[in-house]
Amino acid sequence: FETLQQLGPHLVYPGMYGLLLLSALGMPLPQGLTLAAAGYLISKEMMSPVPAAVVGILGVLTGDQFVYSLGKHFGPKIVAHRWFSHVLSPKRYQWIRGRFGRHGSKMVFFARFVSGLRGPVFIAAGVLEMPHGRFLLYDHAGALLNVPLFILAGYVVGPHLELALLHLEHAWRVAFALLGLILAYFALRALARRKLGLDGSAAEKR
């Protein structure tokens, strides 16, 4: 929140885009946190909903396209590369490849809702030479759901959390709002995991 606030009204949108892109490139800052921060700033009238959503979607899509391009450019040899093997190990690549054979392009859509799986799946999509237009279509569809959800979380919970810290009697409102958003997120996550066939044995393979 403070990082985006300090950028000021003229740089807050480029700053949001930059943080999302850096996150996709490996910066230890979850994209969801940046999106939630944007939602909070919307509640403070420091950002507008539509531009924030557009910049958020463009930011995550740009990062995804870069990751996909790495896989497409380097091909299967990226799996053994020391810089990328911790993200897409040979075992994980074989597992993802099997899921692509089973679910096809939908793998890209559902991977957006499973933390820790997006990067490996998007790299694998490039390695497996998934058509760029198809990748963009499914990635865009996932982002259209994922990005507004996190922005909404920041918009709804942020101000109430701030009040709750000052006035503990409002904590129940935060709890109910947060619970609703958590249920919505995990419902999408559970659907994605079920569609991808993620279970205990699959998790061990990863």
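Let's start with the aromatic rings: this predicted model has 5 aromatic pairs. One of them joins phenylalanine 109 and phenylalanine 110 edge-to-face, with 5.1 Å from centre to centre and 80 degrees between the planes.

**Aromatic rings**

- Tyrosine 185 and phenylalanine 186 make another pair: their ring centres sit 5.5 Å apart, and because their planes are at 85 degrees, over the 60 degrees needed, the pair counts as edge-to-face.
- The two partners in that pair fall into separate burial classes: tyrosine 185 has 18% relative accessibility, so it counts as buried, while phenylalanine 186 has 44% and so counts as partly exposed.
- Tyr68, Phe122 and Phe135 come together as one aromatic cluster.

**Salt bridges around arginine 112**

- Where does arginine 112 sit in the chain? You'll find arginine 112 in the loop between α6 (106-111) and α7 (118-127).
- One salt bridge brings the side chain of arginine 112 together with that of aspartate 64, at 2.3 Å from N to O. This pair links distant parts of the chain, since aspartate 64 belongs to helix α4 (residues 49-74) and the two residues are 48 residues apart.
- Arginine 112 also forms a salt bridge with aspartate 139, and here the closest N and O atoms are 3.6 Å apart. Again distant parts of the chain are linked: aspartate 139 is in helix α8 (residues 132-166), 27 residues apart from arginine 112.
- For arginine 112 the relative accessibility is 0%, so it counts as buried. Aspartate 64 comes in at 5%, so it counts as buried too.

**Serine 23**

- Serine 23 is part of helix α2, which covers residues 12-24.
- With a relative accessible area of 15%, serine 23 is buried, because anything under 20% falls in that class.
- Which residues does serine 23 touch, leaving aside its neighbours within four places in sequence? Serine 23 is in contact with Leu29, Pro30 and Gln31.

Conventions
Residues are numbered from 1 along each chain as its sequence is written. This is a predicted model: local features need pLDDT of at least 70, side-chain atom pairs count only at pLDDT 80 or more; totals for chains, interfaces and linings use all residues. Side-chain values use heavy atoms; hydrogens and water are left out. Rings of Phe, Tyr and Trp (its six-membered ring) pair if their centres lie within 6.5 Å; planes under 30 degrees apart count as stacked, over 60 as edge-to-face and the rest as tilted. Buried means under 20% relative accessible area, exposed over 50%, partly exposed in between (1.4 Å probe, protein chains only). Helices (H or I, at least four residues) and strands (E, at least two) are DSSP runs, numbered from the N terminus. Contact means heavy atoms within 4.5 Å. A salt bridge is a side-chain nitrogen of Lys or Arg within 4 Å of a carboxyl oxygen of Asp or Glu.
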